[in-house]
Amino acid sequence: MSKKTYPIQFGTDIVVIFTVIFSIAVAGIVICFYTLGGDLQDTLKYIPDIIGATVVPLVAATTAFYIAQNVQRNTEATLLNRTMSYIERWNSPNFDKQDIIRLMREVKNLDEDKKKKKISKALQDEVLRAKLVCILNFLEEMSLAVEKDAVYEEILRDFFRGIFEAYHKNFTFWLQERSKDGAPKVYERFKDLFGEWDKQGFANIESPDKPLKSLEPNTSEKLEKSHLDYQEILKDWCI
């Protein structure tokens, strides 16, 4: 998945530059004609031809430049709108997640065996199971959009990483059971994207110049603790 730049605003500096270049070019050509022995009036006769020879390519280049700018702006705006739509859909009160959130909170402090038993029993309810499938379908759809570079991954990662972690942690065993039932590719993109984000750790904390592992031990521990605290807060508010 390639890293994209965020939408930027283009100014009108290019118009000023082209105007200056055009004026210098016309003046220079006139001076050359006159310097080489041409009469001023004869030289001035060539001005329309000079302008035609310089303006047409200049206008064509300027037009092409702004068409390319508009295409880029429209593409970036589309990507950003699509990216933000996933966050808006997730936060929408019409997205029914409350029963699943309640289930995850109920099993939060249970050991793995008890947690699996309670979740498996709860998901025997068809309505609750349908709600979970709806959520996982949403996360799978978003993972596909990330895979195809159809969204800004950085924005979605910053918002959804803790959410992915919560659903992966609580329902991986259930997905594995579904795979055994004849659907080996169930939510593969969701699981793969979580794996990638999990390897990245605390979002954007590492840089080429100063990776996390090169920090002082105490600093690394503090950053990791801040990350864990943030993830807990995110789970309480967003899942």
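Arg157 lies in helix α7. The model described here is predicted. With a relative accessible area of 9%, Arg157 falls under the 20% cut-off, so this residue counts as buried. Its side chain makes a polar contact with the side chain of Gln200, at 2.9 Å.

Gln200 is the residue at which helix α8 ends, since α8 covers residues 188–200. This helix has 13 residues and reaches 19 Å from its first C-alpha to its last, close to the expected 18 Å. Just after α8, Gly201 takes a positive phi of about 70 degrees.

Which residues of α8 are buried? They are Phe190, Lys191, Leu193, Phe194 and Trp197. Seen down the axis of α8, the buried residues fall within an arc of 165 degrees, so they line one face of the helix. An α-helix has 3.6 residues a turn, so residues three or four places apart point the same way. What covers the buried residues of α8 includes α6 (126–147) and α7 (153–180).

Helices α6 and α7 are also linked by aromatic rings. The whole structure holds 11 aromatic pairs. One of them, formed by Phe138 and Phe160, is tilted. This pair links distant parts of the chain, with Phe138 in α6 and Phe160 in α7, 22 residues apart. Both Phe138 and Phe160 are buried. Lys97 lies over the face of Trp90.

The distances for these side chains are listed below.

| Residues | Kind of contact | Distance |
|---|---|---|
| Arg157 and Gln200 | polar contact | 2.9 Å |
| Lys97 and Trp90 | Lys97 over the ring face | 4.8 Å from the ring centre |

Notes:
Residues numbered from 1 in each chain as written. Predicted model: local features only at pLDDT ≥ 70, side-chain atom pairs only at ≥ 80, totals over all residues. Heavy atoms only, no water. Helix = DSSP H or I, 4+ residues; strand = E, 2+ residues; numbered from the N terminus. Expected span 1.5 Å × (residues − 1). Buried < 20%, exposed > 50% of the residue type's maximum accessible area, 1.4 Å probe, protein only. Arc of directions from axis to C-beta. Contact = heavy atoms within 4.5 Å. Polar contact = N/O pair within 3.5 Å; in protein donor to acceptor, adjacent residues only side chain to side chain. Phe/Tyr/Trp six-rings, centres within 6.5 Å; stacked < 30°, edge-to-face > 60°. Lys NZ or Arg CZ within 6 Å of the ring centre and 35° of its normal.
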